[in-house]
Amino acid sequence: MTQTDFIPKPVSKTIESGTFTWSAPSNIALVKYWGKKAHQIPANPSVSFTLNACKTITSLSFQNKENHNDFSFDLLFEGKPKEDFRPKIEKFLQRIETYCPYLKQYHFTIDTQNTFPHSSGIASSASGMAALAMNVMSLEKELYPEITDDYFYRKASFLARLGSGSACRSIKGKVVVWGKHADIADSSDLFGVAFPAKIHPNFNNYQDTILLVDKGEKQVSSTVGHDLMNGHAYAEARFNQAQGNLSKLKNVLENGDIQSFMQIVESEALTLHAMMMASMPYFILMKPNTLEIINRIWEFRQQRNIPVCFTLDAGANVHVLYPESDKVEVLQFIQSELLGYCQNQQYICDEIGNGSLLINNE
Ligand code: PMV
């Protein structure tokens, strides 16, 4: 599919008003997306676990308006006006306008809330943009009832990508690949696709306990970080490595080899942060407690022979990944040894989930 496949024919129908509500989860990358080309095209393919508990719930109400010249919307966060989000939403609407030419016909009220604490350092852009994209697609489905389910979800992922790259992996499926890769059927730089092969039962309900190490505002945004991969001394080697790691991880997800899983995932996390440290200007998003936690995880794994590993996103928080069958021991370890390294002892228990969900359609 190409971008033009997502441009609909002129709409013949108008709907007066309505409301949809969708939830969309966050996701955690196993092979990381870091570096992009124009129009949110990734420099390398990535793959993520879809999360379950960490999600954004967004309602989109729409009302037909007379003037069709401008975007018009009100923004609410947890029911209260939130003007800070306006530039981001405005930019998103501009980016998707070619693909959703009907948007200027309506006045929208967007009411959004997250299930995770606001300043947890968990990026809400992936779940937020995914939830908004699902709502836009529900409106599109009203206008074009003939669109297939497959098109609906692909286009939702395509639109979410234009809001925030990794958001395209928060639409549908437990494990999602984004970016063209020879080993993944139907993979695309334009949208995420559900992992096409059967996933080994070792990964059923895989756990992700998120340790909130630092809830402060990031010093360097991911937009700036991606940009710094342009002209980065190790960029080409990194992009090739990600291709190779995705091939390896594909096999691992099918054959259930958790030792190799841990090796690939931890290497990916540390390489992501190594890229940041080797950027010019350079920066560090890990905190001393991030490293303390990593060392404790390694010690515990060696001493107890329990397959627990970590990954990181673009921040100081640590995602602790482990099989459901080891949940009791690992949670005990986290509570007794790791919470002291978290800000206000905060952590979030999550696990693999299925993607976005329609909550309400009026
Ligand atoms: O979607 P963005 O632009 O916020 O970038 C996300 C980058 C990482 O979280 C570090 C990696 C990833 O693949 O999610």
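## A buried charged pair

Glu268 counts as buried, because its relative accessibility is 0%. The model described here is predicted. The partner of Glu268 in a salt bridge is Arg238, and their closest N and O atoms are 2.8 Å apart. Glu268 belongs to helix H6 (residues 258–277) and Arg238 to helix H5 (residues 235–255), so this pair ties together parts that are 30 residues apart in sequence. Arg238 is likewise buried, with a relative accessibility of 3%.

## Further salt bridges

How many salt bridges does the count come to? The count is 10, and the pair Glu268 and Arg238 is one of the salt bridges.

Another joins Arg296 to Glu337, with 3.3 Å between the closest N and O atoms. Since Arg296 lies in helix H7 (residues 288–304) and Glu337 in helix H8 (residues 327–338), the pair ties together parts that are 41 residues apart in sequence. Arg296 is partly exposed, at a relative accessible area of 27%, and Glu337 is also partly exposed, at 34%.

Glu97 and Lys104 form a salt bridge as well, their closest N and O atoms being 3.1 Å apart. Lys104, at 19%, counts as buried, because the category applies to values under 20%.

## The four-stranded sheet

Four strands make up an open sheet in the order E11-E12-E10-E13, with antiparallel pairing. Strand E11 (309–311) and strand E13 (347–351) stand at the edges; each has a single partner strand, so one side of each is left without a neighbour in the sheet. From one strand to the next, the twist averages 25°.

In general, the strands of a sheet pair through backbone hydrogen bonds, in either a parallel or an antiparallel manner. Here, E11 is joined by three bridges to strand E12 (residues 318–322), and the two run antiparallel. Within this part of the sheet, Phe310 stands opposite Val320 in E12.

## The helix across the sheet

Which strands does H7 lie across? The helix lies across strand E10 (207–211), E11 and E12, and runs at about 155° to E11.

Conventions
Residues are numbered from 1 along each chain as its sequence is written. This is a predicted model: local features need pLDDT of at least 70, side-chain atom pairs count only at pLDDT 80 or more; totals for chains, interfaces and linings use all residues. Side-chain values use heavy atoms; hydrogens and water are left out. A salt bridge is a side-chain nitrogen of Lys or Arg within 4 Å of a carboxyl oxygen of Asp or Glu. Buried means under 20% relative accessible area, exposed over 50%, partly exposed in between (1.4 Å probe, protein chains only). Two strands pair if DSSP finds at least two bridges between them. Axes are lines fitted to C-alpha atoms, for helices over the stretch in contact, and angles run from 0 to 180 degrees between N-to-C directions. Contact means heavy atoms within 4.5 Å.
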